[in-house]
Amino acid sequence: SNGRFEGTYVDCTFGRGGHSREILQRLSSKGRLFAFDVDPEAIREARQLEMEDERFKIHHRPFGDIGTVFATSQLSGVLLDLGVSSPQLDHRRRGFTGKDDGPLDMRMNQGAGESASSWL
């Protein structure tokens, strides 16, 4: 909270929070950081960060909703780190890797949409 950046920033792909934590280190006490993610495991991690730092807020929505969420706001910066995160690849129950036996799921949010095995 002794950083020099004020304003409003967005991390469009929270993941496990590495970029968000780094951004928060650079924000002043007046700076704000918002993040987006649809992965329930990422949301759990982000809720913990919300409790640790009042300057941070997570949106459990796809980052494509940024225009709706911030329709009347001016943003100072936006970060998009696109692609799957390594925790999604590391856990066979997520179904992103073929190296281990597990369900063929391949969804960022396993609570929404159709799994890859159902689609095939």
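1. Asp 11 has Ala 35 in β2 as its bridge partner. The chain crosses from β1 through α1 to β2, a right-handed β-α-β crossover (clockwise from the first strand over the helix to the second, with the strands pointing away from the viewer). Strands β1 and β2 pair in parallel over 4 bridges; pairing requires at least two DSSP bridges. Helices (H or I, at least four residues) and strands (E, at least two) are DSSP runs, numbered from the N terminus.

2. A word on the basis: this is a predicted model, where local features need pLDDT of at least 70, side-chain atom pairs count only at pLDDT 80 or more, and totals for chains, interfaces and linings use all residues. Residues are numbered from 1 along each chain as its sequence is written, and side-chain values use heavy atoms, leaving out hydrogens and water.

3. The open sheet has 4 strands in the order β3-β2-β1-β4, with parallel pairing. Its edge strands, β3 (56-59) and β4 (77-79), each pair on one side only.

4. On one side, β1 (residues 8-11) runs parallel to β4, joined by 3 bridges, and Tyr 9 is partnered with Gly 77. Elsewhere, 4 bridges join the parallel β2 and β3, with Phe 34 opposite Lys 57.

5. Strand β2 is largely enclosed by the rest of the structure, because 4 of its 5 residues are buried (under 20% relative accessible area, 1.4 Å probe, protein chains only).

6. Finally, β2, helix α2 (residues 40-52) and β3 form another β-α-β unit, also right-handed.

Notes:
Buried < 20%, exposed > 50% of the residue type's maximum accessible area, 1.4 Å probe, protein only.
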